[in-house]
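Work through the exercises below with the sequence and the 3D view open. Each task is followed by its solution in steps.

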Amino acid sequence: MISEWEMSYQKQCSKCKKIKFFSEFTKNKKGKFGLVSNCNECRKQYAAKYYEKNKEKISKKK
Ligand SMILES: [Zn+2]
């Protein structure tokens with residue numbers, strides 16, 4: 001659920017440098033504003049790249 005707080009404030013993604021709503025960031029208690037520094041889109045791309053790089057390892061792991 002997106003709160004009013006998440007819809008009202010924006011911050012810059014440290015990766016793509018785009019200004020995005022707080023709702024675009026995953027929460028992280030240790031991070032600034034209680035959010036991670038990279039937006040969800042960058043995190044998704046990173047995860048996809050990571051998967052691509054490691055899919056052999058991952059598929060073998062069972
Ligand atoms: Zn980003």
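The exercises concern a predicted model and go from the whole chain to two of its residues.

**Exercise 1.** State how many helices and strands the chain has, and in which order the elements run.

Solution. Count the elements: there are two helices and four strands. Then read from the N terminus: the order is α-β-β-β-β-α.

**Exercise 2.** Compare the radius of gyration of the chain with that of a compact globule of 62 residues.

Solution. For a compact globule of 62 residues, the radius would be near 11 Å. The chain has 14 Å. Next, take the extent of the C-alpha trace, which spans about 45 × 25 × 20 Å along the principal axes. Finally, look at burial: 5% of the 62 residues count as buried.

**Exercise 3.** Locate isoleucine 2 and decide whether it is buried or exposed.

Solution. Isoleucine 2 sits in the segment before helix H1 (4-8). Within 10 Å there are 9 other C-beta atoms. A residue with 12 or fewer is exposed, so isoleucine 2 is exposed. Leaving out residues up to four places away in sequence, isoleucine 2 touches Met7 and Ser23.

Note on methods
Residues numbered from 1 in each chain as written. Predicted model: local features only at pLDDT ≥ 70, side-chain atom pairs only at ≥ 80, totals over all residues. Buried ≥ 20, exposed ≤ 12 C-beta atoms within 10 Å, placed from the backbone. Contact = placed C-beta atoms within 7 Å. Rg over C-alpha atoms; globule rule 2.2 N^0.38 Å.
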